[in-house]
Amino acid sequence: MLPYKSLMQVDRNASVSLHIQVCNMFISLITNGTLQPADILPGSRVLAQLIGINRNTVKLAYEELVSQGWAESIERKGVFVLSKLPVLSKPVVPEHGKHKPSQEAFIWTNRFENAWITKGPEKMMLTIDGGFPDVRLAPIDLLMREYRSLSRRLHGKTFLKYGSSKGSENLRAAICNYLSHTRGLTVPVENIIITKGSQMGIYLAAQLLLNPSDNVAVGLSNYVLADDTFKYAGANLVRIPVDGNGMDIDHLETVLQHTKIKAVYIIPHHHYPTTVTMSTERRLKLLKLAKEYRFAIIEDDYDFDFHYNNKPYLPLASIDHNQNVIYIGSVTKTFAPALRIGFMTGPSAFVDAAAAFRELIDKQGDTVLEEAFAVLFNNGEMDRYFRKSLKIYRQRRNLLCQILQSDFSEHITFNVPEGGLAVWTNFSEQVNLVKLVEDAAKKRLQIDDASFYRNESFAVNGTRMGFASLNENEMVEALSILKKVLN
């Protein structure tokens, strides 16, 4: 008989009843080959004594095994593993000191072997992130109040059912109104789809626009997850230089004369990672080229809402009269990253196709959350939040730049960004950025080592330093640690 006393250990404090625990342990012994078809199970009295439980509990476990089809009870003989079950091989235990070579259990294609996997911030560490909002400023309590209120109301129960893959109509209408009065962008409700952040919008656009071997123009420095998304679609990345005025559209025009470009991906406001803004002249020329060469423009406007020195340029989508622009925006980048709300606009048929494709990977979003956001947009709370956070982030940007200028001029050069949530900083050649990050971590300061911003053509010794998520005291402390590490 098997050593059931050591093989079967019950937990009296577990939420699972004892007889189900015993039943599940027998199933495990059967499926790993320890018990074979037609093997007899120990009598209920014997097993009860071995593992220290009531005999009736064992009887219940055996009844459960029989009812699930794992065992059979033969009168006057006992309970047996069901004889019709297939024979399973016993687990191979490697010899002492030897390791069994790893082998995949099934064949699959790993297209993401070298892809970037985002890690969360370390707990209990000061973090100079790449540019995220301060979630402490967001009216989360008001959002959750509306969420709870909607879920309790009778009419709100409909939001718990399946809805449109385009997202909440109320939120789409609210965002259309918001785009109209902040960006001069007039969009019909049916031409907008709510997404799980801007990343889903990039993915949907890429899958609809690009076929294997198509060419997509991207910045020499660029958002790495957009690059990976286009590569996953099978497209070739055509790198276009980025300078102080954004993507070099004259260079793009030269490329277009000999290379067929299917789409151009741009971040015209606060380019990622370098934070530069594309000039009006280049925006207009890009639209002209899009019409002439019939390519799509994927405009990623992830943090339009934060401008400090002047009014923002109008998005390309606002001045596009030929419907070449697919416009992608995000609420999460300005509110709280974990609340995945973004949007994408474009031609009606394109948005309809995106909604149909979205159903294959994500039937719909969190409708109640979307409805709660719609309430905050409609009652003016989002507008008040943007005004409040804009004032605070301007002060934090100024403080960061002031300290960088006064205390780090020997090691760091930068330009003061006119908007966004981060400063692009270039470190002197003497600074080993990877080692700097390691040394800072030892002093409980987390900072990007710039590996997220590098690609095959862009590998400068620089990184983004976010200022929005740190209050003044935290920023002073973080930069004080960084200064000690640098010196």
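Cavities of 30 Å³ or more number 2 in this structure, which is a predicted model.

Let me take the largest cavity to begin with. Its volume is about 80 Å³. The residues lining this cavity are G219, N222, V242, G246, M247, Y265, I266, I267, P268, H271, V276 and M278. Two elements each give two or more residues to that lining, namely β8 (246–247) and β9 (263–266). In terms of residue class, the lining of the largest cavity comprises 8 nonpolar and 4 polar residues, with no charged ones.

I turn now to the second largest cavity, which holds about 60 Å³ of space. Its lining consists of I175, Y178, R183, D305, S330, V331, T334, F343, F377 and F386. Which helix gives the most to this lining? The answer is helix α6, residues 169–183, with 3 residues. Here the classes divide into 6 nonpolar, 2 polar and 2 charged residues.

Finally, the strand partners. Strand β10, residues 296–300, pairs with β11 in the parallel sense over 4 bridges, and I297 has V325 of β11 as its bridge partner. Strand β12, residues 342–345, runs antiparallel to β11 and is joined to it by 4 bridges; in that pairing, I328 stands opposite M344 of β12.

Key:
Residues are numbered from 1 along each chain as its sequence is written. This is a predicted model: local features need pLDDT of at least 70, side-chain atom pairs count only at pLDDT 80 or more; totals for chains, interfaces and linings use all residues. Side-chain values use heavy atoms; hydrogens and water are left out. On a 1 Å grid over the protein atoms alone, a cavity is a set of points where a 1.4 Å probe fits but cannot get out, and a pocket is an open set with protein on both sides within 12 Å along at least five of seven lines; lining residues have an atom within 4 Å of a point. Grid points are joined across faces, edges and corners, and a volume is the space filled by probe spheres set on the points. Ala, Val, Leu, Ile, Met, Phe, Trp, Tyr, Cys and Pro count as nonpolar, Asp, Glu, Lys and Arg as charged, and the others, Gly among them, as polar. Two strands pair if DSSP finds at least two bridges between them.
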